[in-house]
Amino acid sequence: MPRLSDSMEEGTIVRWLKRDGDEVARGEELVEIETDKATLAYESDTAGTLQITAQEGATLPVGARIAVIGGDSSVASAAPAAAAPVAEVESPAAAAPPATPASGDEISGRGTVTTTEPTRTQTLIARRMAESRATVPSFTLQISVDMTTATTLRAEAKATGDEGQAVPTINDMVVKASALALREQPQANGAWRDGKFEHYSRINIGVAVAGPGTLVAATVFDADAKTLAEISTETGELAERVRSGTITPPQTSGGTFTVSNLGMFGVRSFEAVINTPQAAILAVGAVEQRPAVHDGEIEPRMLMELTLSCDHRILYGADGATLLARIKALLEAPLSLAS
């Protein structure tokens with residue numbers, strides 16, 4: 001069983017693309033495996049005769065034998081470097097299992113009760129979220145950000161730009177501001193793992209994207225070194241790949257900080273669950289017009305709530321507050337994000 005994502009611990013064989021006894025060539029698609037991210041095809045890393053040892057539907061840990069290829073019965077390598085995901089195909093059967101009537105208490109005051117089996121991805125998301133809540137001593141901080149200047153500049157860019165030209169979203173601005181703030185506060189760009197601090201030299205922002213039956217943090221690598229326009233283009237492409245089921249494991253791995261935005265649904269504020277082992281996650285609320293004091297006068301301003309959830313083993317209250325305040329300052333001076 002190959003390791004096809006950095007958080008993968010086990011995989012489920014969805015479908016063999018070759019039959020037992022078939023001759024396979026190196027680089028030929030061999031089997032579809034459901035991981036904690038999605039279902040994807042795995043290429044054979046050697047040539048020979050296929051001997052299947054694990055059947056469709058079997059769930060096995062990473063490194064367990066699933067097949068033998070070659071006349072000498074040598075085991076096909078399961079090293080991560082051999083993994084070459086070439087297509088991610090969340091099949092309808094895997095993505096949305098049919099509802100089936102519940103056994104026993106079928107008719108109740110709530111009507112007919114049906115149950116559905118979660119996909120492997122949904123099961124692993126549930127487990128990781130539960131583990132995060134149970135094992136991470138977290139705390140949250142909230143701050144209001146005046147996005148009036150940012151929204152005005154964005155509206156002007158849309159009005160004066162070429163037709164069809166993409167304009168960075170508010171979330172793109174948050175990603176860039178977060179990356180710049182993490183560069184100034186490197187302890188927040190780290191993790192607590194096995195009783196030790198990990199510090200990362202690259203600032204890779206995971207952007208939470210909802211897809212069919214899944215939730216994926218697509219990664220913008222080196223976000224602090226990319227322009228706002230580059231981030232905008234990249235996040236748009238990543239979101240489309242999540243929704244179309246073509247996102248690949250390398251595009252969902254390596255994140256050092258996560259941004260989750262529910263503002264498009266009108267949610268003013270919320271608390272996001274930390275994507276362990278990362279130090280923090282930033283929840284982004286809706287930008288809405290509200291009365292606020294500006295230059296000593298009460299006037300309508302475009303305000304947005306940010307909520308930072310922190311792992312207290314890595315970040316203390318002052319650390320989290322400093323990071324959040326810096327993100328706010330950058331967003332309220334949006335020209336600082338242009339480079």
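Contact here means heavy atoms within 4.5 Å.

**Model and confidence**

This is a predicted model, in which local features need pLDDT of at least 70 and side-chain atom pairs count only at pLDDT 80 or more, while totals for chains, interfaces and linings use all residues. Residues are numbered from 1 along each chain as its sequence is written, and side-chain values use heavy atoms, with hydrogens and water left out.

The average pLDDT (the predictor's confidence in each residue, from 0 to 100) is 87, and 88% of the residues score at least 70. Residues 72-104 have pLDDT below 50, yet the stretch makes 69 contacts in the model beyond near neighbours in sequence. Where pLDDT is low, the predicted coordinates should not be read in detail.

**Helices α4 and α5**

Helices are DSSP runs (H or I, at least four residues), numbered from the N terminus. From α4, Asp172, Met173, Val175 and Lys176 meet Leu228, Ile231, Ser232 and Thr235 of α5.

Helix α5 covers residues 228-244, and its axis lies 9 Å from that of α4, at an angle of about 120°. Axes are lines fitted to C-alpha atoms over the stretch in contact, and angles run from 0 to 180 degrees between N-to-C directions.

**Nonpolar cores**

A nonpolar core is a set of buried (under 20% relative accessible area, 1.4 Å probe, protein chains only) Ala, Val, Leu, Ile, Met, Phe, Trp, Tyr and Cys residues joined through side-chain atoms within 4.5 Å. The largest has 47 residues, and Leu331 is among those with the most contacts inside it. Helix α4, residues 170-184, supplies the largest share of this core, nine residues.

Conventions
Buried means under 20% relative accessible area, exposed over 50%, partly exposed in between (1.4 Å probe, protein chains only). Helices (H or I, at least four residues) and strands (E, at least two) are DSSP runs, numbered from the N terminus.
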